[in-house]
Amino acid sequence: MNFEWKQTTEQDLEQFNNWGKKDLKIQRFVDGKNLGNKILEMVENIGYDSGVFRVRSVYDNDVLVGVCVVIINKATKKSRNTLTLYNIVVNPELQNKGYGCAMMFDIVKNCEQIFNFKPMVIKSYVHKQNVASNKMHVNAGFKLDKKLNKKLKKGKNIHYEKTLN
């Protein structure tokens, strides 16, 4: 796959809105709102490339494959530089073809180039019933965040993390 990561545009968000109309998993994420509007709502007040959120669109040969939203947490006395995968969304017409896994592996390998941030740790939260996403995280070398999962054992999400070199 020949990925090109780009700054997300208004046209991309229009396409995301259409994806939400076609895919039940995406509809669950947006909670009755258009996906593009949901993403805009998250980053509108702080900008697409703020210190906290980064949104990138992924293209393969000029075809919009997906979007990735991350949260940047810079190091403090108590924590390390952390990138949290807020969401990876794949075009419903391209799902189950390896694009999500390829995006994940690309993020792990090229995080600094994609998001202009070099994390020490990548964290992610996945719905327990999302079998494909849970498998994708394990295949990409993510480990269960046992401490956080134990603390939040009644939650809907499984918490993963991957320490980078």
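Student: Which residue does L144 stand opposite in strand 7?

Tutor: L144 faces Y160 there.

Student: Before we go on, what kind of model is this?

Tutor: It's a predicted model: local features need pLDDT of at least 70 and side-chain atom pairs count only at pLDDT 80 or more, while totals for chains, interfaces and linings use all residues. Residues are numbered from 1 along each chain as its sequence is written, and side-chain values use heavy atoms, with hydrogens and water left out.

Student: And how confident is the prediction, on average?

Tutor: The mean pLDDT (the predictor's confidence in each residue, from 0 to 100) is 80 for the protein, with 77% of residues at 70 or more. Confidence is highest in helix 4, at a mean of 93, and lowest in helix 2 (residues 24-30), at 55. Over residues 44-48 the pLDDT is below 50, and that stretch has 12 contacts in the model beyond near neighbours in sequence. Contact here means heavy atoms within 4.5 Å.

Student: Where does the parallel pairing with strand 5 come in?

Tutor: Strand 4 (residues 82-90) pairs with strand 5 (residues 121-127) in the parallel sense, over 4 bridges. L85 has S124 in strand 5 as its bridge partner. From strand 4 the chain crosses through helix 4 (residues 99-115) to strand 5, a right-handed β-α-β crossover. Right-handed means that, with the strands pointing away from the viewer, the path from the first strand over the helix to the second runs clockwise.

Student: How many bridges join strand 5 to strand 7?

Tutor: There are 7 bridges, and those two strands run antiparallel.

Student: Switching to charges: how many salt bridges turn up in the whole structure?

Tutor: The search finds 1, taking a salt bridge as a side-chain nitrogen of Lys or Arg within 4 Å of a carboxyl oxygen of Asp or Glu. K123 and E161 form a salt bridge, with the closest N and O atoms 3.5 Å apart. That pair links distant parts of the chain, with K123 in strand 5 and E161 in strand 7, 38 residues apart.

Student: Last topic, the whole fold. How many helices and strands?

Tutor: The protein has 6 helices and 7 strands, running β-α-α-α-β-β-β-α-β-α-β-α-β from the N terminus on.

Student: And what share of the residues is buried?

Tutor: Of the 165 residues, 47% count as buried, meaning under 20% relative accessible area with a 1.4 Å probe, protein chains only.

Notes
Pairing = 2+ DSSP bridges. Buried < 20%, exposed > 50% of the residue type's maximum accessible area, 1.4 Å probe, protein only.
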